[in-house]
Amino acid sequence: MQNLLRVRQVYGGILTLCGLISGWLTFAVMLLVVANVVLRYGFNIPIPGTLELTEGALPLIIFLSLALTQFHQGHIKVVILTQHMPAGLRRVFRVLAMLVGAGLFAWAAWAGWHGALKSLAIGEVERGSIRYPIYPIKFAVVAGMVLLTIQFLLDALSFAVGHDLDELEEGILE
């Protein structure tokens with residue numbers, strides 16, 4: 001059990017790094033949009049490529065932070081049925097929910113991988129006021145889905161061995 005907690009903690013550090021990258025990208029997009037607005041309306045000199053760069057950054061911002069949100073148990077939970085179940089049955093349903101989530105995102109990552117490979121093969125680029133390749137963004141989305149799949153599997157294992165991840169987040173369990 002302690003090894004699982006250590007693996008989860010190390011993996012959480014990796015996810016935190018992804019979250020920091022996502023946060024810095026968010027900040028950079030905000031600076032770009034503000035600068036574009038000021039220059040466009042103040043001096044009639046828009047920044048070329050603002051729309052394209054913002055569109056490219058949004059998938060990175062979202063998918064690099066999904067697994068971190070799951071690590072912190074931050075996704076929406078509907079407990080209307082499970083809150084009245086005995087603890088053992090509730091644990092079974094939580095494990096099943098995590099496994100279903102892992103399966104869905106593993107499938108999405110697999111499908112995304114093939115889409116990213118195709119994008120790389122054809123040299124897909126964003127066309128607009130600036131041009132840049134799209135495949136790195138698609139590979140980053142796949143990476144984010146793989147990270148989330150792994151987090152779901154770690155959560156399923158944690159629930160299966162009896163850890164309450166909400167308490168782990170609060171630092172109650174060591």
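Predicted model: local features only at pLDDT ≥ 70, side-chain atom pairs only at ≥ 80, totals over all residues.

I started with the largest pocket, which has a volume of about 350 Å³. A pocket here is an open set of points on a 1 Å grid over the protein atoms alone, where a 1.4 Å probe fits, with protein on both sides within 12 Å along at least five of seven lines. The volume is the space filled by probe spheres set on the points, joined across faces, edges and corners.

Numbering runs from 1 along each chain as its sequence is written, and side-chain values use heavy atoms, leaving out hydrogens and water.

**The lining**

I found 14 residues lining the largest pocket, with Lys77, Val78, Arg94, Ala97 and Met98 nearest its centre; a lining residue has an atom within 4 Å of a point. Helix 4 (residues 87-122) gives the most, five residues. Helices are DSSP runs (H or I, at least four residues), numbered from the N terminus. By class I noted seven nonpolar, four polar and three charged residues.

**Ile122**

Ile122 sits in helix 4. I looked up its cover: Ile122 is exposed, at 61% relative accessible area (exposed means over 50%, buried under 20%, partly exposed in between, with a 1.4 Å probe and protein chains only). Tyr135 is 13 residues from Ile122 in sequence and 9.5 Å away, C-alpha to C-alpha.

**Phe27**

I then checked Phe27 in helix 1 (residues 2-43). Phe27 is partly exposed, with a relative accessible area of 42%.

Methods: Helix = DSSP H or I, 4+ residues; strand = E, 2+ residues; numbered from the N terminus. Nonpolar A, V, L, I, M, F, W, Y, C, P; charged D, E, K, R; others polar.
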